[in-house]
Amino acid sequence: MIVIEIRKLAIEDVSDFVKLRKLASTESEWATAVDEDRAKVILESSSTTDSDVWYGAFEGKKLVGAAHFSVHKQADTVGIGNLMVLKSHQGQGIASLFKATAESIAERNGISKLALYVDVTNKKGLAIYKKWGFQRGKETIVEMTMPVFLTPVKVAATENAIYGNW
Ligand SMILES: CC(C)(COP(=O)(O)OP(=O)(O)OC[C@H]1O[C@@H](n2cnc3c(N)ncnc32)[C@H](O)[C@@H]1OP(=O)(O)O)[C@@H](O)C(=O)NCCC(=O)NCCS
């Protein structure tokens with residue numbers, strides 16, 4: 001069994017963050033790389049707010065996964081973005097820890113739903129989100145090359161209709 005710590009990423013994590021995203025992007029078409037300058041901006045901004053934050057999953061000092069969370073009070077949602085776990089560490093519940101993190105951010109902010117976009121051809125992602133109770137929402141990002149769905153889920157209840165082909 002491995003011990004994983006989930007914590008907010010800080011500017012000091014920038015080079016590990018760049019490395020993680022680079023490796024993850026070579027392992028999966030659903031993970032994107034980021035250059036160091038952009039990563040600095042992202043993590044600086046993440047460390048100065050509670051509404052637009054990056055968290056990392058650490059096995060000891062090694063960063064093995066990351067996810068972005070955005071708080072949308074008006075839409076009553078916490079958005080999950082850029083969820084990625086290194087292949088070597090997949091299937092061990094790390095994404096589920098990030099989901100729990102999103103739930104706790106939602107609770108802290110009095111928000112009742114989680115939301116995310118996923119490419120409809122990302123079969124594993126869709127299977128996981130479906131297992132978690134995510135269902136297709138009303139919004140679609142039409143400008144993207146692949147169809148994607150916003151999939152809101154109530155943190156403490158289950159409602160929402162499913163759209164689309166899982
Ligand atoms: C998607 C991804 C983040 C999952 O990370 P992970 O750490 O392996 O996931 P977990 O081990 O936490 O599994 C999450 C849940 O899905 C379940 N699960 C895992 N693989 C599954 C599969 N192939 N089908 C259905 N359910 C699955 C697990 O049982 C677990 O359920 P639980 O929370 O009820 O226990 C990881 O595969 C990844 O980084 N993929 C590449 C990038 C990507 O696709 N990101 C998502 C973009 S929207």
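Leaving aside residues up to four places away in sequence, Asp 13 is in contact with Leu 43, Gly 56 and Leu 63, a contact being counted where the C-beta atoms of two residues, placed from the backbone, lie within 7 Å. The structure is a predicted model, in which local features need pLDDT of at least 70 and side-chain atom pairs count only at pLDDT 80 or more, while totals for chains, interfaces and linings use all residues. Residues are numbered from 1 along each chain as its sequence is written.

Asp 13 is placed in the loop between β1 (5-8) and α1, helices (H or I, at least four residues) and strands (E, at least two) being DSSP runs numbered from the N terminus. Asp 13 counts as buried because it has 21 C-beta neighbours inside 10 Å, the criterion for burial being 20 or more other C-beta atoms within 10 Å of a residue's own, with C-beta atoms placed from the backbone. Between Asp 13 and Leu 43, which are 30 residues apart in sequence, the C-alpha to C-alpha distance is 8.1 Å.

Around the ligand there are 20 residues, of which Trp 30, Gln 90, Ala 95, Ser 96 and Ala 127 come nearest. At least two residues of this shell are supplied by each of β4 (77-85), α3 (94-108) and α4 (123-132), and the largest share, five residues, comes from α4.

Mean pLDDT, the predictor's confidence in each residue from 0 to 100, is 83 for the protein, with 82% of residues reaching 70 or more. Confidence is highest in helix α1 (residues 14-27), at a mean of 98, and lowest in strand β6 (residues 148-150), at 42.

Key
Buried ≥ 20, exposed ≤ 12 C-beta atoms within 10 Å, placed from the backbone. Near = placed C-beta within 6 Å.
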